[in-house]
Amino acid sequence: MTQQELADQTGVTRQTIVAIENGKYSPTLELAFRITRVFNVPLEEVFSFNIEIEEKNTK
C-alpha cells in the first residue's frame with residue numbers, strides 16, 4: 001500500500017502519513033484507530049508509546 005492510498009483511506013494528506021512514519025507527528029486517537037482499521041490489526045501492533053523516552057525528551 002502506498003502512503004497516498006493510506007492517506008486516502010484515512011482522510012488525511014500523504015504528508016501526514018509521512019510525518020507519522022518519521023516520528024515527527026503523533027496521530028490523534030481517532031486517526032490511529034482509522035489506520036489500524038485499514039490494516040485490520042490491533043492498535044498496539046501499529047503504535048506504541050514509551051513513557052520513559054518521552055519523559056527524557058521533555059526534561
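Hi everyone. A word on the source before we start: this is a predicted model, where local features need pLDDT of at least 70 and side-chain atom pairs count only at pLDDT 80 or more, while totals for chains, interfaces and linings use all residues. Residues are numbered from 1 along each chain as its sequence is written, and side-chain values use heavy atoms, with hydrogens and water left out.

Let's begin with the whole chain. The protein chain has five helices and zero strands; both are DSSP runs numbered from the N terminus, with helices being H or I of at least four residues and strands being E of at least two. Of its 59 residues, 15% are buried. Buried means under 20% relative accessible area, exposed means over 50%, and partly exposed is in between, with a 1.4 Å probe and protein chains only. The accessible surface comes to about 4,700 Å², and carbon and sulfur atoms hold 49% of that; these areas come from the Shrake-Rupley method with a 1.4 Å probe, and for residues only the protein chains shown count as cover.

Now look at helix H1, residues 3–10. Which of its residues are buried? They are Leu 6, Ala 7 and Thr 10. They sit on the same side of H1, because they cover an arc of only 100 degrees around the axis, taken from the directions from the helix axis to the C-beta atoms. The general idea is that an α-helix has 3.6 residues a turn, so residues three or four places apart point the same way. On the face turned away from the buried side, you will find the exposed residues Asp 8 and Gln 9. What covers the buried residues includes helix H2 (14–21) and helix H3 (29–39). After H1 comes Gly 11, with a positive phi near 80 degrees.

Next, please find Thr 36 in helix H3. Is Thr 36 buried or exposed? Thr 36 is buried, as its relative accessible area is 4%. A polar atom of its side chain lies 2.9 Å from the backbone oxygen of Phe 33. Beyond four places in sequence, the contacts of Thr 36 include Leu 43 and Phe 47, where contact means heavy atoms within 4.5 Å.

That brings us to Leu 43, in helix H4 (residues 43–46). Leu 43 counts as partly exposed because its relative accessibility is 23%. Setting aside residues up to four places away, Leu 43 touches Leu 29, Ala 32, Phe 33 and Thr 36. The C-alpha atoms of Leu 43 and Ala 32 are 7.2 Å apart, with the two residues eleven apart along the chain.

Technical notes. Polar contact = N/O pair within 3.5 Å; in protein donor to acceptor, adjacent residues only side chain to side chain.
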